[in-house]
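Biologist: Please show me the model, and then let us go through a few of its packing details.

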Amino acid sequence: MPIAEGEPALTQQRTALVSIAAAALLVGLKLGVGLATASLGLISAGVESSGDVVAAILTFFAVRLGGRPADREHPYGHRRAENLAALGEAAILLAGATVVAIEAVRHLISGGAAPDTRWYQFAVLGVAILVDVTRTRVSLRSARRYGSAALRSNAFHFASDLTGSLTVIAGLLLVQAGFSQADSVAALLVAAITCAVAVRLVAENANVLMDRTPDEARAAAERAIARLGPDVELSRLRLRESAGRYFADVVVAVPPGQAVVEGHEAANEIEAALERALPGTDVVVHVEPRRRGLDLRDRVLAIALSEPLVLEAHDIAIFEQGDGAVNVSLHLKFPADLELRAAAEVGRRVEQAIAAALGAATVQTHLEPLERPLAARLPDAGDEEGARREIERLVREHSGVPARSVKLLATEAGRVVFLTLGVEHERSLAEAHRLAGELEDMLRQRMPDIADVVIHTQP
């Protein structure tokens, strides 16, 4: 069932309010009965529960603050308020445990008298155990559902209360059996349990506030990205956690020949993969051209496209001599209004970078302006029909098969021909490309007014 907007915060606040009421009830019962019967164990449990009241109040306000949406000053949201509250709870636990431990040790050293044991002591502890079991389960369930660090620390707090109550019962039973110091020993054990819980809370929440990434979360994210295939190379992954939610900063490298659309699709795939591995993760992906593990052509392309003024690199040719020397040529396209001097300087840098990276003997660049859109129109009907018949005749004469489609456009520079040609499916791409090149040369020779020919070959 979908969770309505605002429901998580309201549910967590209700859970915190119930915790405040339950903790206040237990403080009154434990301290009252403990003082009345001089039971150090019950008094220590009451002191611990008084810390619960303050901790539950901290949790209530932390949940309210943590539920606020991100804003200009807090772009990652306010949920780390819960981690701060959890540290506050840990401090309260440590303070209470210290007081109880000192009193228990003093009582053991002085050999104080054993407390009275009454049936209502066990009744109070039974009620405390029932309440602790209930609120521990409720807090854990809410913490897991909403990823709340404050409620999770509350659950640990209540679980320590439960353990403490059981320890006090054991101490009172031993007092009845004749071990006069069992109540003080029980109080000391309660203090030790409380300290252990507090230390765990400090370790967990301090790590979150220090942006320590859990090893299992990082491993899950890396596996999710690795499953996307070899074309996506992880360069950097930074994860930070805030109250159970992750924020991921990812830098990946993709083949330099990929278009912007392909790079954007790769980023979308990474976001989806991390969402599956770590639900609720906020992901920012930066895509850059890969520089490692590339063949020679891709390395040349990556170097050329690293120059901001190079808008396109094409016709990359690599010539390998018999003695192992490598020669490279490529075409670079720049903004049409760029000065030749600036384009030549970029071309020189590209040539030097390629020569250094590949150890090439010669690197030659051809500088071109990026073509602007050309004004075009459909030719006159009579003129188009005659030109179309002539093109179809020449195509059939040269290739032996009719053209599948012919479209003509008229521009200031001359005719532009779009031609689709069927080629036997067993022919290789190189053979089909050679045939298209021959047709283009022939059409230009036979029809001098043709400015450009674009031939699409298909089986």
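Modeller: A polar contact is a pair of N or O atoms within 3.5 Å; within protein, one must be able to donate a hydrogen and the other to accept it, and residues adjacent in sequence count only if both atoms are side-chain atoms. This is a predicted model, in which local features need pLDDT of at least 70 and side-chain atom pairs count only at pLDDT 80 or more, while totals for chains, interfaces and linings use all residues. Residues are numbered from 1 along each chain as its sequence is written, and side-chain values use heavy atoms, with hydrogens and water left out.

Biologist: With which side chain does the side chain of threonine 420 make a polar contact?

Modeller: Threonine 420 lies in strand β9 (strands are DSSP E runs of at least two residues, helices H or I runs of at least four, numbered from the N terminus). Beyond its neighbours within four places in sequence, threonine 420 is in contact (heavy atoms within 4.5 Å) with Ala403, Arg404, Ser405, His456 and Gln458. The polar contact, at 3.0 Å, is with the side chain of serine 405.

Biologist: Is threonine 420 buried or exposed?

Modeller: Buried means under 20% relative accessible area, exposed over 50%, and partly exposed in between (1.4 Å probe, protein chains only). Because its relative accessibility is 16%, threonine 420 counts as buried.

Biologist: Which residues in α9 meet α10?

Modeller: Helix α9 (residues 296-305) and helix α10 (residues 340-358) face each other through Val350, Ala353, Ile354, Ala357 and Leu358 on the α10 side. From α9 come Leu296, Arg299, Val300, Ile303 and Ala304.

Terms used
Axes fitted to C-alpha atoms, helices over the stretch in contact; angles between N-to-C directions.
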